[in-house]
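Trainee: I would like to go through the labels used for this model and ask what stands behind each of them.

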Amino acid sequence: MSPNSGRHDAQCAQQCVSQSDSQSDRLASLPDEVLLQILKAVGITSKRDLCTVSRLNKRYHVLADSILYKTIHFDTPEHHLTFSQSLSRRPRRGSLIVDMKLEYPGSELSQLSLDGPVHGSHYRPERFDGLSRTLSTMSNLETLDIAVPDSLLHGIGTLFNGPFDLACLKSCTLFYQLPDDQYWDLQENIHIFAHPTLESLTITRAKLDHRGFDFIERPHQTALKKLHLIECDMDEDALADILEFPEALKEFVMTQTPEPTPELEESSDNIGDYIVALKSACHSLETITIDVPTLTGFKALRMREFTALKSLRINWDYQLFGKSSKKPRLHSVGLPPELEVLEFFNRLGTDEEVTDLLLYTIENKPITARNLKTMIVGKHEAGEVPEEIVEACRAQGLHLDVHSG
(Lines give C-alpha, C1' and ligand atoms only; values in the text may rest on other atoms or scores of the structure.)
Protein backbone atom coordinates (compact mmCIF):
# COMPACT_ATOMS: atom_id res chain seq x y z
CA MET A 1 0.00 0.00 0.00
CA SER A 2 1.38 3.41 -1.01
CA PRO A 3 2.05 6.18 1.53
CA ASN A 4 -0.49 8.43 -0.21
CA SER A 5 -3.17 5.79 0.26
CA GLY A 6 -2.46 5.54 4.00
CA ARG A 7 -2.53 9.34 4.42
CA HIS A 8 -5.87 9.51 2.59
CA ASP A 9 -7.39 6.87 4.90
CA ALA A 10 -6.25 8.79 7.97
CA GLN A 11 -7.78 12.03 6.70
CA CYS A 12 -11.08 10.30 5.99
CA ALA A 13 -11.11 8.81 9.46
CA GLN A 14 -10.45 12.22 11.04
CA GLN A 15 -13.28 13.80 9.05
CA CYS A 16 -15.66 11.07 10.16
CA VAL A 17 -14.73 11.65 13.81
CA SER A 18 -15.17 15.42 13.41
CA GLN A 19 -18.57 14.98 11.79
CA SER A 20 -19.62 12.58 14.57
CA ASP A 21 -18.47 15.04 17.29
CA SER A 22 -20.27 17.99 15.68
CA GLN A 23 -23.46 15.97 15.38
CA SER A 24 -23.33 14.88 19.05
CA ASP A 25 -22.44 18.38 20.32
CA ARG A 26 -25.15 20.69 19.04
CA LEU A 27 -23.84 23.55 21.14
CA ALA A 28 -20.55 23.66 19.26
CA SER A 29 -21.98 25.81 16.48
CA LEU A 30 -23.24 28.51 18.86
CA PRO A 31 -21.22 31.74 19.28
CA ASP A 32 -19.42 32.27 22.59
CA GLU A 33 -21.86 34.98 23.71
CA VAL A 34 -24.86 32.65 23.43
CA LEU A 35 -23.03 29.67 24.91
CA LEU A 36 -21.93 31.80 27.87
CA GLN A 37 -25.55 32.64 28.70
CA ILE A 38 -26.45 28.94 28.58
CA LEU A 39 -23.58 28.05 30.90
CA LYS A 40 -24.64 30.83 33.32
CA ALA A 41 -28.08 29.23 33.51
CA VAL A 42 -26.44 25.85 34.19
CA GLY A 43 -24.33 27.40 36.94
CA ILE A 44 -27.38 28.89 38.66
CA THR A 45 -29.00 25.45 38.76
CA SER A 46 -25.92 23.45 39.70
CA LYS A 47 -22.26 24.42 40.08
CA ARG A 48 -21.38 20.72 39.94
CA ASP A 49 -22.96 20.36 36.50
CA LEU A 50 -21.08 23.42 35.30
CA CYS A 51 -17.81 21.87 36.50
CA THR A 52 -18.67 18.74 34.53
CA VAL A 53 -19.31 20.77 31.38
CA SER A 54 -15.98 22.56 31.80
CA ARG A 55 -14.15 19.24 31.42
CA LEU A 56 -15.62 18.44 27.99
CA ASN A 57 -13.20 20.50 25.90
CA LYS A 58 -10.91 23.52 26.01
CA ARG A 59 -13.55 25.96 24.75
CA TYR A 60 -16.09 24.95 27.38
CA HIS A 61 -13.39 25.05 30.04
CA VAL A 62 -12.47 28.67 29.25
CA LEU A 63 -16.10 29.82 29.22
CA ALA A 64 -17.11 27.87 32.33
CA ASP A 65 -14.07 29.16 34.26
CA SER A 66 -15.22 32.75 33.70
CA ILE A 67 -18.47 31.86 35.49
CA LEU A 68 -17.16 29.51 38.18
CA TYR A 69 -14.52 31.98 39.36
CA LYS A 70 -16.49 35.20 38.94
CA THR A 71 -17.65 35.06 42.58
CA ILE A 72 -15.48 33.41 45.26
CA HIS A 73 -16.24 32.90 48.96
CA PHE A 74 -13.36 31.90 51.24
CA ASP A 75 -14.90 30.82 54.56
CA THR A 76 -11.78 28.95 55.75
CA PRO A 77 -8.05 29.73 55.32
CA GLU A 78 -7.64 26.42 53.50
CA HIS A 79 -9.91 27.66 50.70
CA HIS A 80 -7.64 30.53 49.75
CA LEU A 81 -4.59 28.27 50.16
CA THR A 82 -6.09 25.80 47.68
CA PHE A 83 -6.89 28.61 45.30
CA SER A 84 -3.36 30.02 45.63
CA GLN A 85 -1.93 26.65 44.65
CA SER A 86 -4.27 26.43 41.65
CA LEU A 87 -2.81 29.68 40.29
CA SER A 88 0.39 27.82 39.40
CA ARG A 89 -1.64 25.64 37.01
CA ARG A 90 -4.11 28.30 35.82
CA PRO A 91 -2.46 31.74 36.21
CA ARG A 92 -5.35 33.50 34.45
CA ARG A 93 -7.88 32.47 37.11
CA GLY A 94 -6.99 35.42 39.31
CA SER A 95 -8.08 37.88 36.64
CA LEU A 96 -11.44 36.08 36.24
CA ILE A 97 -12.64 36.91 39.75
CA VAL A 98 -15.02 39.88 40.04
CA ASP A 99 -16.57 39.34 43.50
CA MET A 100 -14.61 38.11 46.54
CA LYS A 101 -15.80 37.43 50.09
CA LEU A 102 -13.42 36.49 52.91
CA GLU A 103 -15.05 35.43 56.15
CA TYR A 104 -13.56 33.21 58.83
CA PRO A 105 -12.64 33.55 62.54
CA GLY A 106 -9.10 33.84 63.89
CA SER A 107 -9.26 30.35 65.39
CA GLU A 108 -9.19 28.89 61.87
CA LEU A 109 -6.18 30.86 60.65
CA SER A 110 -3.07 28.69 60.31
CA GLN A 111 0.53 29.74 59.69
CA LEU A 112 0.51 27.47 56.65
CA SER A 113 -2.12 29.64 54.96
CA LEU A 114 -0.04 32.77 55.60
CA ASP A 115 3.26 31.44 54.25
CA GLY A 116 2.15 29.42 51.23
CA PRO A 117 3.56 30.33 47.80
CA VAL A 118 1.34 32.32 45.43
CA HIS A 119 2.00 32.12 41.70
CA GLY A 120 1.79 35.44 39.86
CA SER A 121 2.05 37.72 42.91
CA HIS A 122 4.80 40.37 42.90
CA TYR A 123 4.92 40.50 46.72
CA ARG A 124 7.60 38.62 48.63
CA PRO A 125 6.34 35.80 50.93
CA GLU A 126 8.59 36.84 53.83
CA ARG A 127 6.97 40.29 53.96
CA PHE A 128 3.32 39.68 53.06
CA ASP A 129 0.81 36.99 54.01
CA GLY A 130 -0.51 34.52 51.46
CA LEU A 131 -4.01 35.99 51.43
CA SER A 132 -2.80 39.47 50.49
CA ARG A 133 -0.58 38.02 47.77
CA THR A 134 -3.52 36.00 46.41
CA LEU A 135 -5.69 39.14 46.29
CA SER A 136 -2.95 40.95 44.36
CA THR A 137 -3.47 38.54 41.43
CA MET A 138 -7.15 39.52 41.05
CA SER A 139 -6.67 42.37 38.60
CA ASN A 140 -10.38 42.65 37.69
CA LEU A 141 -11.84 42.45 41.20
CA GLU A 142 -14.81 44.82 41.66
CA THR A 143 -16.31 43.73 45.02
CA LEU A 144 -14.28 42.84 48.13
CA ASP A 145 -15.97 41.81 51.39
CA ILE A 146 -13.51 41.22 54.26
CA ALA A 147 -14.26 39.81 57.73
CA VAL A 148 -11.00 38.19 58.89
CA PRO A 149 -8.60 38.23 61.87
CA ASP A 150 -6.54 41.37 62.49
CA SER A 151 -3.31 39.48 61.72
CA LEU A 152 -4.17 40.09 58.04
CA LEU A 153 -4.81 43.82 58.59
CA HIS A 154 -1.40 45.12 57.53
CA GLY A 155 -1.01 42.94 54.44
CA ILE A 156 -4.41 43.84 53.01
CA GLY A 157 -3.78 47.50 53.81
CA THR A 158 -0.62 47.35 51.70
CA LEU A 159 -2.72 46.35 48.69
CA PHE A 160 -4.76 49.56 49.01
CA ASN A 161 -1.52 51.52 48.81
CA GLY A 162 -0.28 49.68 45.71
CA PRO A 163 -0.59 51.63 42.45
CA PHE A 164 -1.42 48.55 40.36
CA ASP A 165 -3.38 46.36 42.81
CA LEU A 166 -7.19 46.10 42.80
CA ALA A 167 -7.35 48.72 40.06
CA CYS A 168 -11.01 47.94 39.21
CA LEU A 169 -12.38 47.84 42.77
CA LYS A 170 -15.83 49.46 43.13
CA SER A 171 -17.26 48.14 46.42
CA CYS A 172 -15.45 47.21 49.64
CA THR A 173 -16.47 46.10 53.14
CA LEU A 174 -13.83 46.00 55.90
CA PHE A 175 -13.99 44.30 59.29
CA TYR A 176 -11.08 42.79 61.22
CA GLN A 177 -11.64 40.65 64.29
CA LEU A 178 -9.80 41.50 67.52
CA PRO A 179 -9.92 39.86 70.97
CA ASP A 180 -12.64 41.18 73.28
CA ASP A 181 -14.32 42.85 70.30
CA GLN A 182 -11.88 45.78 70.32
CA TYR A 183 -11.83 48.38 67.55
CA TRP A 184 -9.28 47.79 64.78
CA ASP A 185 -6.97 50.58 63.65
CA LEU A 186 -8.16 52.16 60.41
CA GLN A 187 -4.74 53.78 59.93
CA GLU A 188 -3.53 50.38 58.67
CA ASN A 189 -6.07 50.55 55.82
CA ILE A 190 -6.23 54.35 55.46
CA HIS A 191 -5.24 54.26 51.77
CA ILE A 192 -8.62 52.70 50.91
CA PHE A 193 -9.89 56.31 50.96
CA ALA A 194 -7.43 57.18 48.19
CA HIS A 195 -8.62 54.44 45.85
CA PRO A 196 -9.55 56.12 42.55
CA THR A 197 -12.33 53.76 41.37
CA LEU A 198 -13.98 52.77 44.68
CA GLU A 199 -17.64 53.85 44.83
CA SER A 200 -19.01 52.15 47.97
CA LEU A 201 -17.18 51.61 51.28
CA THR A 202 -18.49 50.04 54.50
CA ILE A 203 -16.26 49.98 57.58
CA THR A 204 -17.26 48.08 60.72
CA ARG A 205 -15.85 48.54 64.25
CA ALA A 206 -12.79 50.56 63.32
CA LYS A 207 -11.14 53.45 65.14
CA LEU A 208 -9.42 56.48 63.63
CA ASP A 209 -7.62 59.14 65.66
CA HIS A 210 -7.04 62.82 64.89
CA ARG A 211 -4.19 62.16 62.43
CA GLY A 212 -6.60 61.20 59.64
CA PHE A 213 -4.85 60.79 56.28
CA ASP A 214 -1.41 61.79 57.53
CA PHE A 215 0.58 61.60 54.28
CA ILE A 216 2.20 64.23 52.08
CA GLU A 217 0.79 62.77 48.86
CA ARG A 218 -2.96 63.29 49.09
CA PRO A 219 -5.55 62.07 46.58
CA HIS A 220 -8.27 64.22 45.08
CA GLN A 221 -11.50 63.62 43.20
CA THR A 222 -11.97 59.96 44.09
CA ALA A 223 -15.10 58.14 42.89
CA LEU A 224 -16.52 57.34 46.37
CA LYS A 225 -20.32 57.68 46.41
CA LYS A 226 -21.36 55.79 49.58
CA LEU A 227 -19.62 55.69 52.97
CA HIS A 228 -21.03 53.62 55.85
CA LEU A 229 -19.34 53.67 59.27
CA ILE A 230 -20.84 50.89 61.41
CA GLU A 231 -20.11 51.02 65.16
CA CYS A 232 -16.85 52.92 64.62
CA ASP A 233 -14.87 55.15 66.98
CA MET A 234 -14.16 58.03 64.59
CA ASP A 235 -12.51 61.36 65.33
CA GLU A 236 -14.54 64.14 63.69
CA ASP A 237 -11.45 65.99 62.41
CA ALA A 238 -10.10 62.80 60.83
CA LEU A 239 -13.47 62.26 59.17
CA ALA A 240 -13.41 65.77 57.76
CA ASP A 241 -9.91 65.09 56.43
CA ILE A 242 -10.79 61.94 54.47
CA LEU A 243 -14.06 63.40 53.16
CA GLU A 244 -12.13 66.02 51.21
CA PHE A 245 -11.16 63.32 48.68
CA PRO A 246 -14.47 62.20 47.09
CA GLU A 247 -15.59 64.25 44.13
CA ALA A 248 -19.31 63.64 44.73
CA LEU A 249 -20.18 61.69 47.90
CA LYS A 250 -23.93 61.02 47.87
CA GLU A 251 -24.69 58.82 50.90
CA PHE A 252 -23.25 58.94 54.42
CA VAL A 253 -24.27 56.55 57.20
CA MET A 254 -22.83 56.43 60.73
CA THR A 255 -24.24 54.12 63.40
CA GLN A 256 -23.36 53.17 66.96
CA THR A 257 -25.01 51.18 69.74
CA PRO A 258 -26.80 52.91 72.67
CA GLU A 259 -24.06 51.65 75.01
CA PRO A 260 -20.82 51.31 73.02
CA THR A 261 -18.39 48.63 74.16
CA PRO A 262 -15.55 49.33 74.64
CA GLU A 263 -16.07 52.99 75.45
CA LEU A 264 -15.49 55.49 72.67
CA GLU A 265 -12.18 57.34 72.91
CA GLU A 266 -11.85 59.23 69.63
CA SER A 267 -15.47 60.18 68.89
CA SER A 268 -17.07 63.51 69.66
CA ASP A 269 -20.25 63.64 71.76
CA ASN A 270 -21.71 66.48 69.66
CA ILE A 271 -23.60 65.74 66.43
CA GLY A 272 -22.77 69.23 65.20
CA ASP A 273 -19.09 68.29 64.90
CA TYR A 274 -19.94 65.54 62.41
CA ILE A 275 -22.19 67.83 60.36
CA VAL A 276 -19.26 70.24 60.11
CA ALA A 277 -17.04 67.32 59.06
CA LEU A 278 -19.45 66.57 56.20
CA LYS A 279 -19.39 70.09 54.78
CA SER A 280 -16.74 69.25 52.18
CA ALA A 281 -19.43 67.08 50.56
CA CYS A 282 -22.34 69.50 51.11
CA HIS A 283 -22.69 70.09 47.36
CA SER A 284 -23.34 66.41 46.58
CA LEU A 285 -24.71 64.58 49.64
CA GLU A 286 -28.27 63.37 49.11
CA THR A 287 -28.71 61.20 52.24
CA ILE A 288 -27.29 61.60 55.75
CA THR A 289 -28.03 59.00 58.42
CA ILE A 290 -26.51 59.41 61.89
CA ASP A 291 -27.90 56.71 64.16
CA VAL A 292 -25.83 57.39 67.30
CA PRO A 293 -28.15 57.72 70.34
CA THR A 294 -25.37 58.96 72.63
CA LEU A 295 -24.73 62.11 70.57
CA THR A 296 -26.17 65.32 71.94
CA GLY A 297 -26.75 68.69 70.32
CA PHE A 298 -25.39 71.88 71.87
CA LYS A 299 -26.50 74.19 69.07
CA ALA A 300 -29.06 74.09 66.30
CA LEU A 301 -27.67 72.52 63.15
CA ARG A 302 -26.91 74.87 60.28
CA MET A 303 -27.32 72.91 57.07
CA ARG A 304 -28.40 75.43 54.44
CA GLU A 305 -25.17 74.69 52.54
CA PHE A 306 -26.28 71.09 51.93
CA THR A 307 -28.01 72.03 48.70
CA ALA A 308 -28.47 68.48 47.36
CA LEU A 309 -29.66 66.80 50.56
CA LYS A 310 -33.01 65.00 50.25
CA SER A 311 -33.07 62.84 53.41
CA LEU A 312 -31.86 63.52 56.96
CA ARG A 313 -32.17 60.74 59.56
CA ILE A 314 -31.05 61.25 63.19
CA ASN A 315 -31.99 59.96 66.64
CA TRP A 316 -33.39 62.87 68.64
CA ASP A 317 -35.16 66.14 67.91
CA TYR A 318 -32.71 67.93 70.23
CA GLN A 319 -29.83 66.77 68.00
CA LEU A 320 -31.36 68.98 65.31
CA PHE A 321 -32.35 71.99 67.43
CA GLY A 322 -29.84 71.79 70.28
CA LYS A 323 -30.67 70.94 73.89
CA SER A 324 -32.25 73.49 76.17
CA SER A 325 -29.83 75.29 78.46
CA LYS A 326 -29.51 78.48 80.49
CA LYS A 327 -27.59 80.10 77.62
CA PRO A 328 -29.66 81.99 75.06
CA ARG A 329 -30.06 80.55 71.54
CA LEU A 330 -28.05 82.67 69.14
CA HIS A 331 -29.39 81.15 65.92
CA SER A 332 -32.21 78.95 64.69
CA VAL A 333 -32.00 75.68 62.81
CA GLY A 334 -31.10 75.84 59.14
CA LEU A 335 -32.60 72.91 57.25
CA PRO A 336 -31.28 71.91 53.80
CA PRO A 337 -33.25 73.81 51.12
CA GLU A 338 -34.17 70.66 49.14
CA LEU A 339 -34.91 68.39 52.12
CA GLU A 340 -37.84 66.04 51.47
CA VAL A 341 -37.64 63.48 54.32
CA LEU A 342 -36.83 64.18 57.98
CA GLU A 343 -36.68 61.19 60.33
CA PHE A 344 -36.18 60.88 64.08
CA PHE A 345 -35.43 57.34 65.26
CA ASN A 346 -36.39 58.11 68.86
CA ARG A 347 -39.26 59.77 70.70
CA LEU A 348 -40.30 63.38 70.32
CA GLY A 349 -41.21 65.60 73.24
CA THR A 350 -38.36 64.80 75.65
CA ASP A 351 -37.43 68.51 75.70
CA GLU A 352 -40.35 70.93 75.88
CA GLU A 353 -38.45 73.87 74.41
CA VAL A 354 -37.23 71.73 71.51
CA THR A 355 -40.81 70.56 70.88
CA ASP A 356 -41.89 74.21 70.57
CA LEU A 357 -39.08 74.84 68.07
CA LEU A 358 -40.09 71.81 66.01
CA LEU A 359 -43.69 73.02 66.03
CA TYR A 360 -42.60 76.47 64.86
CA THR A 361 -40.50 74.92 62.06
CA ILE A 362 -43.46 72.87 60.81
CA GLU A 363 -45.88 75.79 61.00
CA ASN A 364 -43.46 77.85 58.89
CA LYS A 365 -42.62 75.06 56.47
CA PRO A 366 -43.03 77.27 53.35
CA ILE A 367 -40.08 79.31 54.68
CA THR A 368 -37.98 76.84 56.69
CA ALA A 369 -38.35 73.71 54.55
CA ARG A 370 -40.52 74.33 51.52
CA ASN A 371 -39.81 70.91 49.92
CA LEU A 372 -40.31 68.81 53.06
CA LYS A 373 -42.86 66.10 52.30
CA THR A 374 -42.52 63.45 55.01
CA MET A 375 -41.57 63.43 58.69
CA ILE A 376 -40.96 60.03 60.30
CA VAL A 377 -40.87 59.53 64.05
CA GLY A 378 -40.02 56.31 65.84
CA LYS A 379 -40.66 54.56 69.14
CA HIS A 380 -44.14 55.98 69.64
CA GLU A 381 -47.37 54.20 70.38
CA ALA A 382 -50.66 55.47 68.96
CA GLY A 383 -51.51 58.87 70.43
CA GLU A 384 -48.08 59.51 71.97
CA VAL A 385 -46.90 62.04 69.41
CA PRO A 386 -47.63 65.54 70.75
CA GLU A 387 -51.05 66.58 69.44
CA GLU A 388 -49.86 70.03 68.39
CA ILE A 389 -47.24 68.40 66.15
CA VAL A 390 -49.88 66.18 64.55
CA GLU A 391 -52.16 69.15 63.89
CA ALA A 392 -49.35 71.27 62.46
CA CYS A 393 -48.35 68.49 60.06
CA ARG A 394 -51.95 68.13 58.91
CA ALA A 395 -52.33 71.88 58.39
CA GLN A 396 -49.14 72.11 56.30
CA GLY A 397 -49.83 68.99 54.22
CA LEU A 398 -46.81 67.25 55.74
CA HIS A 399 -47.12 63.45 55.84
CA LEU A 400 -46.45 62.20 59.39
CA ASP A 401 -45.32 58.56 59.58
CA VAL A 402 -45.27 57.16 63.14
CA HIS A 403 -43.35 53.94 63.84
CA SER A 404 -44.33 52.07 66.98
CA GLY A 405 -41.63 51.47 69.58
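Trainee: Why is I38 called partly exposed?

Mentor: I38 has a relative accessible area of 32%. Buried means under 20%, exposed means over 50%, and partly exposed is what lies in between, with a 1.4 Å probe and protein chains only. I38 is therefore partly exposed. Keep in mind that this is a predicted model, in which local features need pLDDT of at least 70 and side-chain atom pairs count only at pLDDT 80 or more, while totals for chains, interfaces and linings use all residues. Residues are numbered from 1 along each chain as its sequence is written, and side-chain values use heavy atoms, with hydrogens and water left out.

Trainee: Where does I38 lie?

Mentor: I38 lies in helix α2, residues 32-45. Helices (H or I, at least four residues) and strands (E, at least two) are DSSP runs, numbered from the N terminus.

Trainee: Why is S84 called buried?

Mentor: The relative accessibility of S84 is 3%, so S84 counts as buried. S84 lies in helix α5, residues 77-86.

Trainee: What makes helix α9 mostly covered?

Mentor: In α9 (residues 153-160), 7 of the 8 residues are buried. They are L153, G155, I156, G157, T158, L159 and F160.

Trainee: How do you know which strands pair with β10?

Mentor: Two strands pair if DSSP finds at least two bridges between them. Strand β8 (residues 226-230) and β10 have 5 bridges, in the parallel sense. β10 and strand β11 (residues 287-291) also pair in the parallel sense over 5 bridges. L227 stands opposite F252 in β10, and M254 has I290 in β11 as its bridge partner.

Trainee: What makes the crossover from β10 to β11 right-handed?

Mentor: A crossover is right-handed if, with the strands pointing away from the viewer, the path from the first strand over the helix to the second runs clockwise. Here the chain goes from β10 through helix α11 (residues 271-277) to β11, and this β-α-β crossover is right-handed.

Trainee: Which strands form the open sheet of 3 strands, and in what order?

Mentor: The order is β5-β7-β9, with parallel pairing. β5 (184-185) and β9 (233-234) are the edge strands, as each pairs on one side only.
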